[in-house]
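Work through the exercises below with the sequence and the model in view. Each task is followed by a solution in steps.

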Amino acid sequence: NNLKSYVLGTIGVVAALQAAGRIISDAAKTIADFDEGLAKIRALGADYAASIDAIGEAARTAGINFGFTATESLAAVEALAKAGLTTEQILAGGLTQSLALAAAGTVELGTAAEFVASTLSQFGLDGKDAGQVVDGLAAAAVKGQGDVEDFANALKFVGPVAASLNVSVQETIGTLAVFAEQGIKGEQAGTTLRGVLSSLTSPSKEATKELERLGIVTAEGNKLFDEASGKFLGLANLSEQLRAATADLTEEERAQALGRIFGNQQITGATVLLKDGKKAVEEWTQAVTDEGFAEEVAAKKTDNLKGAITRIGLAYDALLLQDKGIGGFFKRRADEIGNFLNVLAGNDPRSKSIQAFTDKVNEEYKKIGGTATLAAAEGGKVTEQLRLLADNAKAIKNDDPFGIDLLVVQGRKATEVLR
């Protein structure tokens, strides 16, 4: 029984230490990874280094409701910073909206951050306007054809040109959603719409003549641009003007007219635009102008048991990162348990005597029947166990003097008492 208690006690202590070690090690790793992420951002420049406390505090809790760790949130901050966003833009909405887009659109967080940053840059928007970008991309992907990557990649090609014509990001995404319904997505959609818009900024002589013939450009002015300011009147207006101007033409005549205005490569895109006129563009622009849509979708996707459990773990991590005292405690405990387990594992000079004793116990333990014999001692089999102990002790008496004589004497006495 003493031997059994020793073995089980040793196993219990080691198991408890290992469990505690894993908990403390995980906590220490969380803190260390977060510190490493802060160091990377600090190295990006003075602006970020000066605001590192505010960045750390934002990243500590920003990802909880979206299912992202504090360290992952820092990675998003890093991606936004590298894309050119300032600390103010990141904290004003860039970070939160990147998290929302990643969760709602099921895209990698770093990729979502790049989409947000590049689109804000293309349209000259501020961090507080990130919601417009994210809600637009998420709404187009959920309500229409294609995914977030399709619309974000399309924006890479058409965004700068659309922005130069003062087309809003919502109307641009809405028009891309119209294209997506016709199977034109991603890079193809972006280059097609870019080609259409570029044809209007510097039309050829042939294009100008065709616009005049169709009545879009008249002596009173150009129906595609505001007469007073000279600003482009938008994609919905373009669609309507094309629809109305070509309504009486045959399909062949319409294709020829569009070819002369936009070039043969853009005929497909122009045809999509005029198909339903301003109605389709306006409806989709309204559909993607849905404030809070991305966060709403993200909340629904994580509104389950798995999401709840994840949030508990993330909240625990946030607590660890909030209190430097707790962080220091876990680091010290990790070192202490690591040192002790090294002793038990034989990786320390102090473990030699412990290991020698443990080996001897294991040797004797095996000789008296091991687990099977000890298990037989339970219940009503005590007498049989003691007899077996005495017999085994006799058999091994000459093998090793370590404790054998004592086992023999105790075994015989126990056997005689129980006879």
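**Exercise 1. Contacts and overall make-up**

State what share of contacts between residues at least 6 apart in sequence joins residues at least 24 apart.

Solution. Step 1: take a contact as heavy atoms within 4.5 Å. Step 2: among contacts in the protein chain between residues at least 6 apart, 70% join residues at least 24 apart. Step 3: note the basis of the values. This is a predicted model, in which local features need pLDDT of at least 70 and side-chain atom pairs count only at pLDDT 80 or more, while totals for chains, interfaces and linings use all residues. Residues are numbered from 1 along each chain as its sequence is written, and side-chain values use heavy atoms, with hydrogens and water left out. Step 5: of the 419 residues, 44% count as buried, meaning under 20% relative accessible area, with exposed over 50% and partly exposed in between (1.4 Å probe, protein chains only).

**Exercise 2. Cavities**

Find how many cavities of 30 Å³ or more the whole structure holds, and describe the lining of the largest cavity.

Solution. Step 1: define a cavity as a set of points, on a 1 Å grid over the protein atoms alone, where a 1.4 Å probe fits but cannot get out; lining residues have an atom within 4 Å of a point. Grid points are joined across faces, edges and corners, and a volume is the space filled by probe spheres set on the points. Step 2: the search finds two cavities of 30 Å³ or more. Step 3: the largest has a volume of about 40 Å³. Of its 13 lining residues, Arg-60, Ile-64, Thr-69, Ala-70 and Leu-314 are the closest to its centre. Step 4: helices H3 (52-62), H4 (70-82) and H17 (305-322) each supply at least two lining residues, and H3 gives the largest share, four residues. Step 5: by class, this lining has seven nonpolar, four polar and two charged residues. Here Ala, Val, Leu, Ile, Met, Phe, Trp, Tyr, Cys and Pro count as nonpolar, Asp, Glu, Lys and Arg as charged, and the others, Gly among them, as polar.

**Exercise 3. Salt bridges**

Solution. Step 1: apply the criterion, a side-chain nitrogen of Lys or Arg within 4 Å of a carboxyl oxygen of Asp or Glu. The whole structure has 10 salt bridges. Step 2: Asp-33 pairs with Lys-29 at 2.7 Å, N to O. Both lie in helix H1 (residues 2-42), four residues apart, about one turn of the helix. Step 3: Asp-33 is partly exposed, because its relative accessible area is 24%. Step 4: the network links Glu-210, Arg-213 and Arg-260.

Methods. 1 Å grid on protein atoms, 1.4 Å probe; cavity = no way out; pocket = protein on both sides within 12 Å on 5 of 7 lines; lining within 4 Å.
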